[in-house]
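Let's take a look at this one together, starting with some ring contacts and moving on to a sheet.

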Amino acid sequence: MHNQRLIKTVVLLVLVTLIITACSPQQSTLKETVVVTKEVQTVVTQEVEVEKLVTPTADPSGIKRGGILNAAISADPQGFDPHITSAYSSFQVLENVYDTLVTVDENLNMVPSLATGWEISEDNLTWTFHLQEGIKFHNGRELTADDVVYSYQRIMNPDTGSGASWRFSAVESIDAPDALTVVIRVASPSPNLLNMIGGYKGMSIVPKEIVDDGTVNTTPIGTGPFKFVEYVPGDRVVLEANSDYWEEGKPYLDGVTFKIIPEETVLLTNLLTGEVDWAGTLPPQQVTELATSGEVIVDKVSGNDYWYIGLNLNRKPFDDVKVRQAIAYAINRAEVAMGAKWDTATANQGPIPNTSSWYSDYQPYTQDLEKARQLLAEAGYPDGFKTEFMVTNFYEETVRAAQVLQAQLAQIGINAEIRTLEWGAWLEDEGKGNYDMYIMGWIGNMDPDEFYYSVHHTGEVFNFTGYSNPTLDELLEKGRVETDVATRMDIYSEVSKIVIDDAPYVFLYNPANVNAWQPYVRGYFTRSDNAINFDSTWLDR
């Protein structure tokens, strides 16, 4: 995500966010507008115009330009079409190739990106965005409003099969009245629209020509700080600097080579020996030791991700809520978190971490084996049953978590085998519903709508469990259009209770986000939204 230097003080940035987005308990619901320029800040009524200043070149005396950053990631990307893929391994790369209309800064505030600013109509139903002039795609063509309209309509088109289409469920139309203006009309007030279009790189703006020629999934072309060069499966993804990048003076690097190293111990060895400069993951049992060793920089921050057991409600016995609740009562989440992540995760019975103001303290499942056995008996399984966990060696923590859960569930007669798949095969079986239980995480959430809607609303693309609850659907629809923060908090408190009680997901823990790098890597920091962006990174050597 790009660090936009829009204002002179943190106080002003917070003020802009309070007025514009209205999507957190700290954010205002006042229909005011902030006009921001380099020198003057004025509060007026009923429209929002945020002038984005192109980031100037950083102090040339302090930053060294050039060089290739060797970055280690743990898995191959699963396609490069941002509107289709849901794999984090893809977005680790795409974060550096594509841009969105607005974006998230390091403090998780929504700020301009391809758009310089926006206005909201008095009735909150029309959003008008103004694009920067002269932005070029990596193929040299200038970006226009038609590209934004095309990208959004492609996401909305059911034939595309985009998992991000739910983000536009309130949108009635998207138009381009001129080359630098995009107008989005919504059916009802959408306080989280900025987050919907900018909080996730699956909302990237793509040129139509790479969709038409069929290369969008193999040769991405965006407007971001780096251009795609090549992908060698099982080995590397190579990016080079975009010399026409719209943030003046960036990027500082000549390029980034993502080296694909699945084994955590091998990846760590490569980092410590200098074969790679940056690592997106570390063996969790060694994080604390490495952080105090002085050999590398280890940056650990509280994250917004959650990890869980997904249960297939289209298969018996998981169609019975008593069986699902029995599993929730049988497990010890603290043991699972420790076994999977050592001291880098916090047990939780819901998805939203306790560092968020949207956190719910509804935590009904303390480990109770007698209660679990009673629920199984009531469901008709007094002796338990045989089943399996589907895990992937792409995320080794899923294997470790499954081993702990296997032992815990055996105590109530549930004998679960562990089926370990390669990442691509795992995704395919999840999509086809070819599993009993799986273990996985959901990454990069901010607004409560993101934690629940796409995975628990009936019929959504990412609702892989087959869960359907009309009462929950109604609440989810209300929550995404409610502008009063207190009322919205109440809605999502009830949403949390229903999801935890119905247990289509049995939530396990919230992990910290951990990145590590050599001391000569500068200008990078670990983000709580797990975004990996090297636009401001440079090498001090």
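## Buried rings

Tyr306 sits at 0% relative accessibility, so it counts as buried (under 20% relative accessible area, with a 1.4 Å probe and protein chains only). Phe507, at 2%, is buried as well. This is a predicted model, where local features need pLDDT of at least 70, side-chain atom pairs count only at pLDDT 80 or more, and totals for chains, interfaces and linings use all residues. Residues are numbered from 1 along each chain as its sequence is written, and side-chain values use heavy atoms, leaving out hydrogens and water.

## Aromatic pairs

There are 35 aromatic pairs here, counted when ring centres of Phe, Tyr or Trp (its six-membered ring) lie within 6.5 Å. One of them joins Trp278 and Tyr524: with centres 5.7 Å apart and planes at 80°, the pair is edge-to-face (planes over 60 degrees apart). Trp278 belongs to strand S14, while Tyr524 is in the loop between S22 and S23, 246 residues apart; strands are DSSP E runs of at least two residues, numbered from the N terminus.

Then come Tyr306 and Phe507, edge-to-face too, with centres 5.6 Å apart and planes at 70°. Tyr306 is in S16 and Phe507 in S21, so this pair ties together parts 201 residues apart in sequence.

## An open sheet

Four strands form an open antiparallel sheet in the order S7-S8-S10-S9, where pairing takes at least two DSSP bridges. S7 and S9 each have a single partner strand, so one side of each is left without a neighbour in the sheet. S8 and S10 pair over five bridges, and Thr126 stands opposite Arg185 in S10.

Notes: Rings of Phe, Tyr and Trp (its six-membered ring) pair if their centres lie within 6.5 Å; planes under 30 degrees apart count as stacked, over 60 as edge-to-face and the rest as tilted. Buried means under 20% relative accessible area, exposed over 50%, partly exposed in between (1.4 Å probe, protein chains only).
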